[in-house]
Amino acid sequence: MEIIKGFSIIMIFLFLGEFISKGLNIPIPGNVIGMILLFLALVTRIVKLSDVENVGTGLIKNLSLFFVPVGVGIILYFDAISKNAVPILSSIVLSTFIVLIITGHITQLIMGIKKEVDKDD
Amino acid sequence: MIEEIIKSPVFGVTVTLIAFEIGLFLQNRTKSYVVNPMLIATSLIIIMLLTFKIPYQNYNEGGKYISFLLGPATVALAIPLYKNIDLILKYKMAIFVGILCGSVAGILSAALIASFLGADKTIALSLAPKSVTTPIAIEISNILKGYPSLTSAAVIITGIIGAMMGPEVLKIAGVNNKIAKGIAIGTAAHGLGTSRAVQEGEIEGAMSGLAIGLAGIITSLIIPFIVKMIL
């Protein structure tokens, strides 16, 4: 019963997210809006953490399994990529590394500055 | 008879689960993170579909039931986010500026590297939103007049690279902080990267989930101005 309750709550927030995304015609996916809404509901204690924690944690642990059919979907784009494979693949790989390193270092740097400032206070 | 089964959802669901189990088995055996269960499962299924000439549509009859769970799983990312709310509020400035700089760097580098290597403008535009989650990336691609299907492919490949090598690249680059690691993976490689970040730890997973949403919103707001300047 606990599983059904938790899954129902999560599905309600997914539904609300989809409703807002499609209803207001905004390009933010319904599941991301649903995540923000559930977060707000947890903060305001409308939803109790214990009601969604087990099911939610189980879903998150299996996130990479749920991506497999999406990954298999690149099969549909083999032709589109193969015509310009070198510029496309180099751009994707290098740019992904660049984003990782720049985001990681800047976040880490500013966190370090904040820690120093807090120490001085 | 076998054709009937291949066209039914049973086929796609069963194949996906078995392929993923093989991936998990190989990962346990090799103890290597480059041997990623998602990547192994994806490769095995692609090889099988190509070898036996099975259309993707037939596979996806079952596959779509598995990928459906991406919706509730993404919503559930609110849980680690909520558990780490104190960290997020404390470091909100670092998180926001990190995601903003990473998003700008991603748009610029993707478009410029592709152009430099001889891709035409439409291809460069299609690659620019590659780091954000698929629905946002496709919308951006439409607005920029790119090829939305190329954008979809670029988003998936980006995610696979981030999931396969993200934590390793960050380690080599000297990014050790858990918050910074999670933010970087979510900004660079959206949900697919996040599927790896949650395995690294709860804080990494929470931050990566947060970055999917924030990077998506920030990218869609700034991308039209950036591509106008460079292309």
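Domain bounds here come from an automatic or database domain assignment. I am working with a predicted model.

**Entry: domains of chain A**

I found domain 1 at 1-61 and domain 2 at 67-121. I then took the centres of the two domains of chain A over C-alpha atoms, and 27 Å separate them.

**Entry: where chain B touches chain A**

I turned to the interface. On chain B, 95 residues are in contact with 69 residues of chain A. I noted a buried area of about 7400 Å² between the two chains. Carbon and sulfur atoms give 84% of that area.

I asked myself how many residue pairs are in polar contact across the interface of chain B and chain A. The rule finds twelve, with both residues at pLDDT 80 or more. Which helix of chain B gives the most to the side that touches chain A? I found helix α11, residues 148-173, with 15 residues. I also sorted the residues on that side of chain B: 62 are nonpolar, 29 are polar and four are charged.

Side chains of opposite charge can pair when their charged atoms come close. I searched over all chains and got seven salt bridges. One pair crosses between chains: B:Lys83 sits in helix α6 (residues 78-83) of chain B, and A:Glu53 in helix α3 (residues 49-61) of chain A. I read 2.6 Å, N to O, for this salt bridge between B:Lys83 and A:Glu53. It counts because the cut-off is 4 Å. Between chain B and chain A the count is one salt bridge.

**Entry: aromatic pairs**

I searched the whole structure for aromatic pairs and got two over all chains. One of them joins A:Phe15 and A:Phe19. I noted 6.4 Å centre to centre and 15 degrees between the planes, and this pair is stacked. It counts as stacked because planes under 30 degrees apart do so. Where do A:Phe15 and A:Phe19 lie? I placed both in helix α1 (residues 2-23) of chain A. They are four residues apart, about one turn of the helix.

Technical notes
Residues are numbered from 1 along each chain as its sequence is written. Chains are lettered from A and ligands numbered from 1 in the order in which they are written. This is a predicted model: local features need pLDDT of at least 70, side-chain atom pairs count only at pLDDT 80 or more; totals for chains, interfaces and linings use all residues. Side-chain values use heavy atoms; hydrogens and water are left out. Contact means heavy atoms within 4.5 Å. Buried area is the accessible area (1.4 Å probe) that two parts lose on being put together, summed over both. A salt bridge is a side-chain nitrogen of Lys or Arg within 4 Å of a carboxyl oxygen of Asp or Glu. A polar contact is a pair of N or O atoms within 3.5 Å; within protein, one must be able to donate a hydrogen and the other to accept it, and residues adjacent in sequence count only if both atoms are side-chain atoms. Helices (H or I, at least four residues) and strands (E, at least two) are DSSP runs, numbered from the N terminus. Ala, Val, Leu, Ile, Met, Phe, Trp, Tyr, Cys and Pro count as nonpolar, Asp, Glu, Lys and Arg as charged, and the others, Gly among them, as polar. Rings of Phe, Tyr and Trp (its six-membered ring) pair if their centres lie within 6.5 Å; planes under 30 degrees apart count as stacked, over 60 as edge-to-face and the rest as tilted.
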